Amino acid sequence: DISDMANICTNMFYCSSDKEQNIRKIEQFISEQFGWDGCDAEDNYLEGEFGSRWSFPQRAMEEMINSLDEDDTLYIRVLSYEFGCEYVSFRVYRDGEWSINL
């Protein structure tokens, strides 16, 4: 259980898509992998907060994106932080690529 580990990174997550089925897949993936701390979902967007070990869960996010139907409208942004390690990352996924902003 992730809550039993030290150095939990908080990930404030938002995504939108014109493809409702991708929103549902993302919701299910994050729920199964990390759990949600209050998730707000509609047909075309999803937002919530989840914890991960140490930093932004890059491998898991790539796995999630690879499991989706092709989607030119997919937009994701994640603000990740872990104060104990002084870690902060802001990532945006659009047009099939991640950009990392510090």
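Glu20, Arg24 and Glu27 are linked in a network of salt bridges, a salt bridge being a side-chain nitrogen of Lys or Arg within 4 Å of a carboxyl oxygen of Asp or Glu. The model is predicted, so local features need pLDDT of at least 70 and side-chain atom pairs count only at pLDDT 80 or more, while totals for chains, interfaces and linings use all residues. Residues are numbered from 1 along each chain as its sequence is written, and side-chain values use heavy atoms, with hydrogens and water left out. Helices (H or I, at least four residues) and strands (E, at least two) are DSSP runs, numbered from the N terminus.

**Salt bridges**

- A search of the whole structure finds 3 salt bridges.
- Arg24 and Glu20 meet through their side chains at 3.9 Å, N to O. These two residues are separated by about one helical turn, because they are 4 residues apart in helix H1.
- The side chains of Arg24 and Glu27 form a salt bridge at 2.8 Å, N to O. Both residues belong to helix H1, where they lie 3 residues apart, about one turn of the helix.
- Arg24 counts as partly exposed at 29% relative accessibility, where buried means under 20% relative accessible area, exposed over 50% and partly exposed in between (1.4 Å probe, protein chains only).
- Glu20 is likewise partly exposed, at 37% relative accessibility, and Glu27 is partly exposed with a relative accessible area of 24%.
- Asp69 forms a salt bridge with Lys25, and the closest N and O atoms are 3.1 Å apart. This pair links distant parts of the chain, 44 residues apart: Asp69 is in the loop between H2 and E4, and Lys25 is in helix H1.
- Asp69 is partly exposed, with a relative accessible area of 34%, and Lys25 counts as partly exposed at 33% relative accessibility.

- Helix H2 spans residues 58–66, and its residues Ala60, Met61, Met64 and Ile65 are buried. They are on the same side of H2 because they cover an arc of only 135 degrees around the axis, the arc being that of the directions from the helix axis to the C-beta atoms.
- The exposed residues Arg59 and Asn66 are carried by the face of H2 turned away from its buried side.
- Strand E1 (8–16), helix H1 (20–33), strand E3 (45–53), strand E4 (75–82), strand E5 (87–94) and strand E6 (97–101) are the elements against which the buried residues of H2 pack. Contact here means heavy atoms within 4.5 Å.

**Surroundings of Leu46**

- Leu46 is placed in strand E3 and counts as buried, at 0% relative accessibility.
- With neighbours within four places in sequence left aside, Leu46 is in contact with Phe13, Tyr14, Cys15, Ile23, Ile26, Glu27, Trp36, Cys39, Asp40 and Ala41.
- Leu46 and Thr10 are 36 residues apart along the chain, and their C-alpha atoms are separated by 17 Å.

**Strand pairing**

- Strands E4 and E5 run antiparallel and are joined by 7 bridges; two strands pair if DSSP finds at least two bridges between them.
- Ile76 stands opposite Tyr93 in E5.
- The hairpin formed by E4 and E5 has 4 residues between the strands, and Glu86 in the turn has a positive phi of about 55 degrees.
- E5 also pairs with E6, in the antiparallel sense, over 5 bridges.
- Val92 stands opposite Ser99 in E6, and the bridge partner of Phe90 in E6 is Asn101.
- The hairpin of E5 and E6 has 2 residues between the strands, and Asp95 takes a positive phi near 55 degrees in this hairpin.

**Nonpolar surface patch**

- Met12, Leu79 and Val88 make a nonpolar surface patch of about 230 Å².
- Patches are made of residues with over 30% relative accessible area and no salt bridge, with like charges joined within 9 Å and nonpolar side chains (Val, Leu, Ile, Met, Phe, Trp, Tyr) within 5 Å. Accessible areas come from the Shrake-Rupley method with a 1.4 Å probe, and for residues only the protein chains shown count as cover.
- Leu79 lies in strand E4 and counts as partly exposed, at 31% relative accessibility.
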